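Subject: Structure handover and notes

Hello,

Here is the structure you were expecting, with the sequence. My notes come after it.

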Amino acid sequence: MIEGRPGLWRRLQSPRAKLLVWWIGCGVALLLALRAVSSLDWGAIRNSWLFLLTGLGRSWLLAIISILAGGLAAAPLALARVYGPPGIRQAAIALIECVRATPELMIVFWVYFTLPIVTGNQVSSWNAALGSLSVIAAVYLAEVFRAGLYSVPRGQIEASAATGMSALATFLYVVLPQAVRNMVPALIAQLVGLFKTTSLVYAIGVMEFFRSITVTNNAVFAPYELYLVLALGYFVSCFAITRVVRWFDPKYQLLE
């Protein structure tokens, strides 16, 4: 029996045994979670589902528009930082570093309170939210683009020049395709981060998902149910965004 114990221990340490233990633990945790969820009073928020789904839809709309607008601004910023002349390069670096070093909530406040002073007109909370989130997306995506450009080996650029390709042709046909391929996972991660950042615009009155949960809780006071819905909504949304990467690259896997 003493000799059999090491063999049994090795079998318990096998990947299949570890996977079985993992699934058993997940099953037990799921059963406990379902029992806790079923004991909650969901009738208190039954009439607010449409309101909550509308708030979640606004969060999605904010994230998508901001990432698109930020991406359009991020490309020139990244190119200016990598290839721009000294003056433009320093200006791009200053803008990127200043925004990245400032808390995101402060960016939201600055855009909301500064734009009326600059334009002379009142700016709606929605437009201020789009502007601030687009600025945040632009500077972070600019760094993603820059990292993608630097990820292309220098030897390939030199080899392209040696074959007689122009600098523009080298950038379009050699550097850019590889850079885009390398930056896809980081782009997805930034979209996930920006979606969670949309919760900050509640501070300027935008009725997005987080604020709709808070308003509903103030009306019916069901914190356990509502904040569970909040966590589930953000989890499902962010998980769905991360799965988009498989549409770009089915072989890509997220490794911890």
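This is a predicted model: local features need pLDDT of at least 70, side-chain atom pairs count only at pLDDT 80 or more; totals for chains, interfaces and linings use all residues.

Salt bridges

A search of the whole structure turns up 5 salt bridges. Arg81, Glu97, Arg100, Glu143 and Arg146 are joined in a network of such bridges.

Arg100 takes part in two of the contacts described here. One is with Glu97, where the side chains meet at 3.8 Å, N to O. Arg100 and Glu97 both belong to helix 4 and are 3 residues apart, which means that about one helical turn separates them. Both ends of this pair are partly exposed: the relative accessible area of Arg100 is 34%, and Glu97 has a relative accessibility of 32%.

The other partner of Arg100 is Glu143, and here the N to O distance is 3.4 Å. Is Glu143 buried or exposed? Glu143 is buried, because its relative accessible area is 14% and the cut-off for buried is under 20%.

Glu143 also forms a salt bridge with Arg146, with the closest N and O atoms 2.8 Å apart. Arg146 and Glu143 are 3 residues apart in helix 6, so about one helical turn lies between them.

Helix 6 packs with helix 8 at an angle of about 145°, and their axes are 8 Å apart. The crossing of helix 6 past helix 8 is right-handed. On the helix 6 side, the residues in contact are Leu133, Ile136, Ala137, Tyr140, Leu141, Val144, Phe145, Gly148 and Leu149. They meet Phe171, Val175, Ala179, Met183, Ala186, Leu187, Gln190, Leu194 and Thr197 in helix 8. Sorted by class, this contact has 15 nonpolar residues, 3 polar ones and no charged ones.

Helix 7 (residues 154-162) also packs with helix 8 (residues 167-197), at an angle of about 160° and with 10 Å between the axes. Helix 7 and helix 8 are therefore roughly antiparallel to each other, since an angle over 145 degrees counts as such. Helix 7 passes helix 8 in a crossing that is right-handed. Which residues make this contact? From helix 7 they are Gln156, Ile157 and Ser160, and from helix 8 they are Thr170, Val174, Val175 and Gln178. The residues of this contact divide into 3 nonpolar and 4 polar, with no charged residue.

Val175 of helix 8 is listed in the contact with helix 6 and in the contact with helix 7.

A loop residue

Thr102 lies in the loop between helix 4 (86-100) and helix 5 (104-119). Thr102 counts as buried because its relative accessibility is 15%, below the 20% limit. Leaving aside residues up to four places away in sequence, Thr102 touches Ile107 and Trp110.

Regards

Terms used
Residues are numbered from 1 along each chain as its sequence is written. Side-chain values use heavy atoms; hydrogens and water are left out. Helices (H or I, at least four residues) and strands (E, at least two) are DSSP runs, numbered from the N terminus. Buried means under 20% relative accessible area, exposed over 50%, partly exposed in between (1.4 Å probe, protein chains only). Contact means heavy atoms within 4.5 Å. Axes are lines fitted to C-alpha atoms, for helices over the stretch in contact, and angles run from 0 to 180 degrees between N-to-C directions. Angles under 35 degrees count as roughly parallel, over 145 as roughly antiparallel, 65 to 115 as roughly perpendicular and the rest as oblique. A crossing is left-handed if the near helix is turned anticlockwise from the far one by less than a right angle, and right-handed if clockwise. Ala, Val, Leu, Ile, Met, Phe, Trp, Tyr, Cys and Pro count as nonpolar, Asp, Glu, Lys and Arg as charged, and the others, Gly among them, as polar. A salt bridge is a side-chain nitrogen of Lys or Arg within 4 Å of a carboxyl oxygen of Asp or Glu.
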